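Hi there,

Here is the structure I promised to pass on to you. Have a look at it first, and my notes on it follow below.

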Amino acid sequence: MIRNCLSLSLLVLLCLCSAACQAEKPKVDMQEGLWEITTVMKMPGMPMQIPPTKTTQCISQEDLIPQTQQPDQPDQQCQIDNMSTTGNTITYDMTCAAQGNTMKAHSSITYNKVQMQGNMTATMEPSNMTMTYTLTGKRIGDCSK
């Protein structure tokens, strides 16, 4: 009886350790710090190219997704789902809501030490308008705390 309890306890402990190990996020090959990110948006049917935008933000292993908050939409709420990491690439789905519109997007970003590049395809609802974004970034220094 004691032997069965000991075996069961050991099995439960191994399962817990295994679950904890699997729950740990894989790390990508990137140097944490302040990053400058350039975003280029393309929209079919647009008569002229929208100029690229540059933003800076702190990026860490815990927060690998560049911010998408638009300064002219302070009420924008975004949710990240289906995030996965394969090697140095993260992929995720994002849903943002603001001013009665919803944007659904799928993104992929690949880091390489002090550089990153990625893309996002987004659809605005209810208009069903599709946009593509290209992101490039580089680490420019340390974050001030």
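Lysine 113 takes a positive phi near 55° in the hairpin of β5 and β6, where two residues sit between the strands. Strands here are DSSP runs (E, at least two residues; helices are H or I, at least four), numbered from the N terminus. β5 and β6 pair in the antiparallel sense through eleven bridges, pairing being called when DSSP finds at least two bridges between two strands. Within this pair, serine 108 stands opposite asparagine 119 in β6.

A word on the source: this is a predicted model, in which local features need pLDDT of at least 70 and side-chain atom pairs count only at pLDDT 80 or more, while totals for chains, interfaces and linings use all residues. Residues are numbered from 1 along each chain as its sequence is written, and side-chain values use heavy atoms, with hydrogens and water left out.

β5 (residues 101-112) also runs antiparallel to β4, joined by ten bridges. Threonine 95 stands opposite lysine 104 in β5. The hairpin of β4 and β5 again has two residues between its strands, and glutamine 99 takes a positive phi near 50° there.

Back in β6 (residues 115-125), you will find methionine 120. Its relative accessibility is 7%, so methionine 120 counts as buried (buried means under 20% relative accessible area, exposed over 50%, partly exposed in between, with a 1.4 Å probe and protein chains only). Leaving aside neighbours within four places in sequence, methionine 120 is in contact (heavy atoms within 4.5 Å) with residues including Met94, His106 and Tyr133.

Now for the cysteines. How many disulfides does a search of the whole structure find? There are two, a disulfide being a pair of cysteine sulfur atoms within 2.5 Å. One joins cysteine 78 and cysteine 96, with the sulfur atoms 2.0 Å apart. Because cysteine 78 lies in β3 (residues 77-86) and cysteine 96 in β4 (residues 89-98), this pair ties together parts 18 residues apart in sequence. The link is right-handed, with 110° about the S-S bond. Cysteine 96 is buried at 4%, whereas cysteine 78 is partly exposed at 37%.

The other disulfide is formed by cysteine 58 and cysteine 143, whose sulfur atoms are 2.1 Å apart. It links distant parts of the chain, 85 residues apart: cysteine 58 is in β2 (residues 53-59) and cysteine 143 in the segment after β7 (129-141). Counting bonded cysteines along the chain, the pattern is 1-4, 2-3.

Best wishes
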